[in-house]
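Please keep the sequence and the model at hand while reading.

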Amino acid sequence: MNLVVVSNRVARASANEPMTGGLAAALLPIVEKSGAIWVGSSGRVRDGVQREPFAEIEPLGAGALAMLDLPAAHYGGYYEGFANSALWPALHSRADLIRVSSDDYHSYREVNGFMARALMRFRKPDTAFWIQDYHFLALGAELRALGVTQPIGFFLHTPWASPATMGCVPHNRELIEAMLAYDLIGFQTEEDRSNFLSYVKAELAYGVTDGVIVTPHGTSRCEVFPIGIDADLFAQQAQKATAHPDVSRLRKSLHGEKLVIGVDRLDYSKGLINRVNAFDRMLTSRPSLQRTVSLLQIATPSRGTIEAYGNLQGELARLVSDVNGRLGEADWTPIRYLNKGFRQGVLAGLYRTAQVGLVTPLQDGMNLVAKEYVAAQNPIDPGVLVLSKFAGAANELDTALLVNPHDVEGMARAIATALSMPLTERRLRWEAMMAKLRRGSVQSWFADFVASLEDAHGANREAAREIASQPPALKMAGGWSRGGPSAFGGARLQ
């Protein structure tokens, strides 16, 4: 199989550049070792009409990276508009933050169509396309409209919200129906899959059997694939990184204090305000802990031009300043707050230095920071993970201290419990989590999805043949909202 992986951005594996986002961390080693081609935006835009989308290609191990300049006329509406001001808040159950113009959906579909045309140069008879995340929900339909009959799979890295919440997204019905062009749709958790299937049954009235959606054109299979990491490799990086200058300086600056660490993009879904309030509550309600522990919160800015993100950045900075001003001393700062990213190797060393990992999103598809923190720990003296029960990782890392991120007092108690947890209990909890990380590796995630995509495509081909052999009246029963087969440009799976 010739695999083409597609995402909004392509990450270069530079040793000196910070790595942000779980998707990039997961895909780089897969592309490097599998021989796949990873296609995505270069981060640049280009004016004018491009008859042939330009792609800059560079090798990466056995695979390659292909970077496209996206159309300037539509990039803002696609990325900052529909993708991140409509889909992102809805997927994270924040429909109240949806802010889009009437043109944003048009730009979203235009960029999906642009990417589909760009992908045609990578199409071979044995090609399979694996589309990543919410930026390209409609890309499968655009590929089918161009006549692509090869396997096309999709994986969602975010949560999928309830049918009522997704119903708040403009053009939601048209968009989700377009998703059924995919042979396979993958989710992080069973709850996400269930929410999607509930929407399909209630709003589109298609039959669903054992996670397989039956449409007038074939089938789409929905399955759960929790994304993982290479735990042993990350553990090696963490051990090696203890000698890195950034990590050594941090360790020396603690002067024997314990360290709690949080690493996130600066995003309202990450629960950063509640997290800082919980750390503040712990210190004020337990004065004996003051001067004995500090919080290192790394919050990498993103999407700063979107109002909700700019508001969050200002609010969080003011809150951290207030806590440090009230509780800090000349030789002790309760919260060390950094607005910059670090490369993976350095992060691994920072995780290993911290006695507590604080991962408390309000809603998250998986959250690989939680898994990386566990993998980075010293087996002899491991730290404790405090984890939101609303992160997908909580389904696997159930021996972490699970918390409700909306309960500030409860989180404060959990952090204090983690700081005082006996070594024997810490080891037992860590060993149980590490065993699960090894079983659910990123390599397993990759292999399981690709194998399921082949199976799903084969089943879809059989279903399409059966539909084609039916009388016309039966073929059109329960037809598509956009006018039958034209929804996929008339393409059939062969």
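Is Ser 93 buried, partly exposed or exposed? Ser 93 is partly exposed, with a relative accessible area of 39%, where buried means under 20%, exposed means over 50% and partly exposed lies in between, for a 1.4 Å probe and protein chains only. The model is predicted, so local features need pLDDT of at least 70 and side-chain atom pairs count only at pLDDT 80 or more, while totals for chains, interfaces and linings use all residues. Residues are numbered from 1 along each chain as its sequence is written, and side-chain values use heavy atoms, with hydrogens and water left out.

**Backbone angles**

Most residues other than glycine have a negative phi. Ser 93, although it is not a glycine, has a positive phi of about 60°, and Ser 93 is found in the loop between α2 (72-91) and α3 (104-119). Helices here are DSSP runs of H or I with at least four residues, and strands are runs of E with at least two, numbered from the N terminus. Ala 205 also has a positive phi, near 60°; Ala 205 sits in the loop between α7 (190-204) and β8 (207-209) and is exposed, with a relative accessible area of 64%.

**Aromatic pairs**

The whole structure holds 20 aromatic pairs, counted when the ring centres of Phe, Tyr or Trp (its six-membered ring) lie within 6.5 Å, with planes under 30 degrees apart called stacked, over 60 edge-to-face and the rest tilted. Two of them are set out here.

| Pair | Centre to centre | Angle between planes | Kind |
|---|---|---|---|
| Tyr 75 and Tyr 79 | 5.5 Å | 15° | stacked |
| Trp 88 and Tyr 134 | 5.5 Å | 55° | tilted |

Tyr 75 and Tyr 79 are 4 residues apart in helix α2, which means that about one helical turn separates them, and both are buried. The other pair links distant parts of the chain, since Trp 88 is in helix α2 and Tyr 134, 46 residues apart from it, is in the loop between β5 (127-132) and α4 (139-145); Trp 88 and Tyr 134 are both buried.

**A helix contact**

The axes of helix α12 (residues 344-353) and helix α13 (residues 368-376) come within 8 Å and cross at roughly 65°, the axes being lines fitted to C-alpha atoms over the stretch in contact and the angles running from 0 to 180 degrees between N-to-C directions. Therefore α12 is roughly perpendicular to α13, a word used for 65 to 115 degrees. The contact (heavy atoms within 4.5 Å) involves residues including Tyr 351 of α12 and Tyr 373 of α13.

How values were computed: Parallel < 35°, antiparallel > 145°, perpendicular 65-115°, else oblique.
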